[in-house]
Amino acid sequence: MPAHWQEAFETLMSRIATRFARVEPRRRVTRLVSGLLSGLPRKNCWTLAEHAGDATPDGMQHLLHRAKWDADAVRDDIRTYAVEHLHDEDAVLVVDETGDLKKGTATVGVQRQYTGTAGRIENAQVAVYLVYSAARGHAAIGRALYVPRSWTEDPDRCRRAGIPDGLAFATKPQLAARMVERALDAGTPARWVAGDEVYGDNPHLRTALEQCRTGYVLAVSSTHPVVTHAGRFQARTLAARIPSRAWQRLSAGAGAKGERYYDWAQVDVHGPTGRLGQWCLLVRRNRRTSELAFYRCFSPHPVPLSELVRVAGRRWTVEETFQASKSLTGLDEHQVRRWTSWHRWVTLAMLAHAFLAVTAAAERHDRPAHDGLIPLTGNEIQHLFAVLVSPVHDLAHRLRWSHWRRRHQARARQCHYRRLDALQQRRS
């Protein structure tokens, strides 16, 4: 059993201990993160409290809602921890959003909006994340809740959800730009930014990256306008004029089924007048279906096509981060409604995932797998770590929790029926 993982986990928790003024929340956050790393089929304050040996979920709920600690400071600790262990001068900062389906209208940021989680417009909460993607691994180092205009234009609604006074509406690209700027200002080693069409089609984000001399490979739509020496064209029109000899077969990186080969071509485009750098439109063609994808690219200095392709391929690591964070550390399983509680939950879920990512990277580097075995994955590490640290509770503890749940649910049902009766009486 890899007991050194427990020492590494304790070191990580000691790293954030100074963010908690009192000993009680300091101890409780360790138990909460241990629960996030456990094999619990569902992770929320109820299940985490039972797993930790608490009698009720009150302590976990207090930690997320009322206890005094700074989630942004812990977020910065996660960034420092990830960069320290995954350090890569050629790293890519990947921006993307993900949504969680929600019921009702009281949860902070919820409205009917498009979310890729469902692939359609649903009642959902959407957040933008920043992932540090390095050769050794990848982990989320930034998060920003997207608050729609329907919220920012309703101060009373914002106040009820605990949103800070005066919070102005910000688009997803604006949230992404702030996170990238914060990471770069903190000295995060990264030469590139990658993102999908939501970010690539936004000129303000591209300008912000160009001004700080950070390269980018951002996906754009097929109708995205670009300017070349021959004039102004849509991306798809320009791609149709690429001669056959200009296409090169290159891999965008290894996937689950091996190297991901596509045909690639690039076309030089004009950048802002008076600004130094290399701008181009990168086009990817599926070798089987001939489907095209387009990327707007900038680099402060000339780089080969293979480097742009490498960065474009790194964008998929954000999807892997979302999948692992949701399936392994409960990123989307929070049952909180308010601003502060949301930021604290997702920050601790990010911390748990960063631990898995760093541990997996260390195992691959320090203890290569024997022949016939794949390297240890985050999923396998979580499974083994849960066995290592999982507390053992007696039957009496389980029965007490069964009694508590049933009593709580009975009260909730009774309150619900009372509200329905009151509503019926007002209508009659």
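Mentor: What follows is a set of questions and answers on selected helices and residues. This is a predicted model, in which local features need pLDDT of at least 70 and side-chain atom pairs count only at pLDDT 80 or more, whereas totals for chains, interfaces and linings use all residues. Residues are numbered from 1 along each chain as its sequence is written, and side-chain values use heavy atoms, with hydrogens and water left out.

Trainee: Which residues of helix 3 are buried?

Mentor: Helices here are DSSP runs (H or I, at least four residues), as strands are runs of E of at least two, numbered from the N terminus, and buried means under 20% relative accessible area, with exposed over 50% and partly exposed in between, for a 1.4 Å probe and protein chains only. Six of the eight residues of helix 3 are buried, so this helix is largely enclosed by the rest of the structure. The cover includes helix 2 (23-36), helix 4 (58-65), helix 14 (339-366) and helix 16. The buried residues are Cys45, Leu48, Ala49, Glu50, His51 and Ala52.

Trainee: How are helix 3 and helix 16 oriented to each other, parallel or antiparallel?

Mentor: Helix 3 (residues 45-52) and helix 16 (residues 395-427) pack at about 155 degrees with their axes 10 Å apart, the axes being lines fitted to C-alpha atoms over the stretch in contact and the angles running from 0 to 180 degrees between N-to-C directions. Angles under 35 degrees count as roughly parallel, over 145 as roughly antiparallel, 65 to 115 as roughly perpendicular and the rest as oblique. Helix 3 and helix 16 are therefore roughly antiparallel.

Trainee: Which residues of helix 3 make the contact with helix 16?

Mentor: Contact means heavy atoms within 4.5 Å. On the side of helix 16, the contact is made by His397, Arg398, Trp401, Trp404, Arg405, His408 and Gln409. On the side of helix 3, the residues are Trp46, Ala49 and Glu50.

Trainee: Which residue caps the N-terminal end of helix 3?

Mentor: At the other end, just after helix 3, Gly53 takes a positive phi of about 95 degrees. At the N-terminal end, a side-chain oxygen lies 3.0 Å from the backbone nitrogen of Trp46, and the capping residue that supplies this oxygen is Asn44.

Trainee: How are helix 2 and helix 4 oriented to each other, parallel or perpendicular?

Mentor: The axes of helix 2 and helix 4 come within 10 Å and cross at roughly 105 degrees. The contact is made by Pro25, Arg28, Val29, Arg31 and Leu32 of helix 2 and Gly59, Met60, Leu63 and Leu64 of helix 4. Helix 2 and helix 4 are therefore roughly perpendicular.

Trainee: Which backbone oxygen does the side chain of Thr329 reach?

Mentor: Thr329 lies in helix 13 (residues 317-329) and is buried, with a relative accessible area of 0%. Not counting residues up to four places away in sequence, Thr329 touches several residues, among them Leu36, Lys43 and His353. At 3.0 Å, its side chain reaches the backbone oxygen of Ser325.

Trainee: What is the relative accessible area of Ser290?

Mentor: Ser290 is found in the loop between strand 11 (278-285) and strand 12 (292-299), and has a positive phi of about 65 degrees although it is not a glycine. Ser290 counts as partly exposed, with a relative accessible area of 47%.

Definitions and conventions: A polar contact is a pair of N or O atoms within 3.5 Å; within protein, one must be able to donate a hydrogen and the other to accept it, and residues adjacent in sequence count only if both atoms are side-chain atoms.
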